[in-house]
Amino acid sequence: MWTWPGTARGLPRNNVRSTTKVPTRTVTEVAKATRRRAGQPRTGGGTARLGSRVRDHGAMSEEQTTAEPSAREQALRTAVRDLERHVASLGWDGQVFVFALVRTAEALETTPELARELPEEAVRTAAVEPEHLTGIQQEGLPDSDTLEELLGQLAWPDSVDGAAVVVERMVVPPEAESGMPKEPAAAVEYLMNHPDRQDVRMATGVLRTGESWCALRSRSHDFDDAVAGSPDAVPGLVEALRATLA
């Protein structure tokens, strides 16, 4: 198994071990997600706020943008879309996924044997598109009660170009939050029974150079061509990921 040349501080900061190897598992090799018991929503511990606020960019539909993206922006959009589709193939009620993003061409130059692990299409694309990105799933993540706590314990070496996270959330209209109980268990029950509740899978990726992209899939419109996307659809999650790269 190829080992990424670098380390990511992925353990609690008060742990004796300060670093852990970045696992090297490409999107097509990611192990099957650990399923949660049916009917139990992934809320990240109570009513986890990070990722619960989604900017309204219209109905959940095929992504629409007005400006022509740069090659780097397009590479990030493609990577985030592919990561979301991969996680979607595992079904709903899954775990949180965290990925390191690396430029495929640079990784192949540094470690040529990586070509044996990547899909042939990725290798061919990287040869003509230097911005092409490969997602590497992070295993052995630190225990945490919330997504905020998890991301707060992560950092990356300079050899990693970006980071992405895929997580599920229950989303309700902003006006519904005013009546939500503060006690976590009661808040979950409130959200589960709200008539306007939506289950949404959020895939968010950021690069060190500032680019970001979010892809959102609604459980009620669970089709690839119904995935919405924008740079700032989940602003809190974008900023939290950027902090892991600082």
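User: What makes E3 largely enclosed by the rest of the structure?

Analyst: In this predicted model, 7 of the 7 residues of E3 are buried, so the rest of the structure largely encloses E3. Buried means under 20% relative accessible area.

User: Which residues show that both faces of E3 are covered?

Analyst: Phe97, Phe99, Leu101 and Arg103 lie on one side. Val98, Ala100 and Val102 lie on the other. Each side is made of buried residues, and that covers both faces of E3.

User: How do you know that E3 pairs with E5, and in which sense?

Analyst: Pairing needs at least two bridges found by DSSP. E3 and E5 have 5 bridges, in the antiparallel sense. Phe99 is one example: its bridge partner in E5 is Ala164.

User: What makes E4 a partner of E3 as well?

Analyst: The cut-off is at least two bridges, and E3 and E4 have 5, again antiparallel. Phe99 stands opposite Gln137 in E4.

User: Why are E4 and E8 called edge strands?

Analyst: The sheet is open, with 6 strands in the order E4-E3-E5-E6-E7-E8 and antiparallel pairing. Strand E4 (133-137) and strand E8 (228-230) each have a single partner strand, so one side of each has no neighbour in the sheet. From one strand to the next, the twist averages 25°.

User: How do you know that E6 and E7 are paired?

Analyst: DSSP must find at least two bridges. Strand E6 (residues 198-207) and strand E7 (residues 212-218) have 7, in the antiparallel sense. Among the partners, Val206 is bridged to Ser212 in E7.

User: Which helices pack on this sheet, and at what angles to E6?

Analyst: Helix H1 (residues 71-88) lies across E3, E4, E5, E6 and E7, at about 145° to E6. Helix H6 (residues 235-245) also packs on the sheet. H6 touches E5, E6 and E7, and its direction makes about 35° with that of E6. Touching here means heavy atoms within 4.5 Å.

User: Why are the buried residues of H3 placed on the same side?

Analyst: In helix H3 (residues 120-128), the buried residues are Ala122, Thr125 and Ala126. They cover an arc of only 100° around the axis, so they share the same side of H3. In general, an α-helix has 3.6 residues a turn, so residues three or four places apart point the same way.

User: Which residues of H3 are exposed, and what do the buried ones pack against?

Analyst: Glu120, Arg124, Ala127 and Val128 are exposed on the other side of H3. Exposed means over 50% relative accessible area. The buried residues of H3 pack against helix H2 (104-110).

Note on methods
Residues numbered from 1 in each chain as written. Predicted model: local features only at pLDDT ≥ 70, side-chain atom pairs only at ≥ 80, totals over all residues. Heavy atoms only, no water. Helix = DSSP H or I, 4+ residues; strand = E, 2+ residues; numbered from the N terminus. Axes fitted to C-alpha atoms, helices over the stretch in contact; angles between N-to-C directions. Buried < 20%, exposed > 50% of the residue type's maximum accessible area, 1.4 Å probe, protein only. Arc of directions from axis to C-beta.
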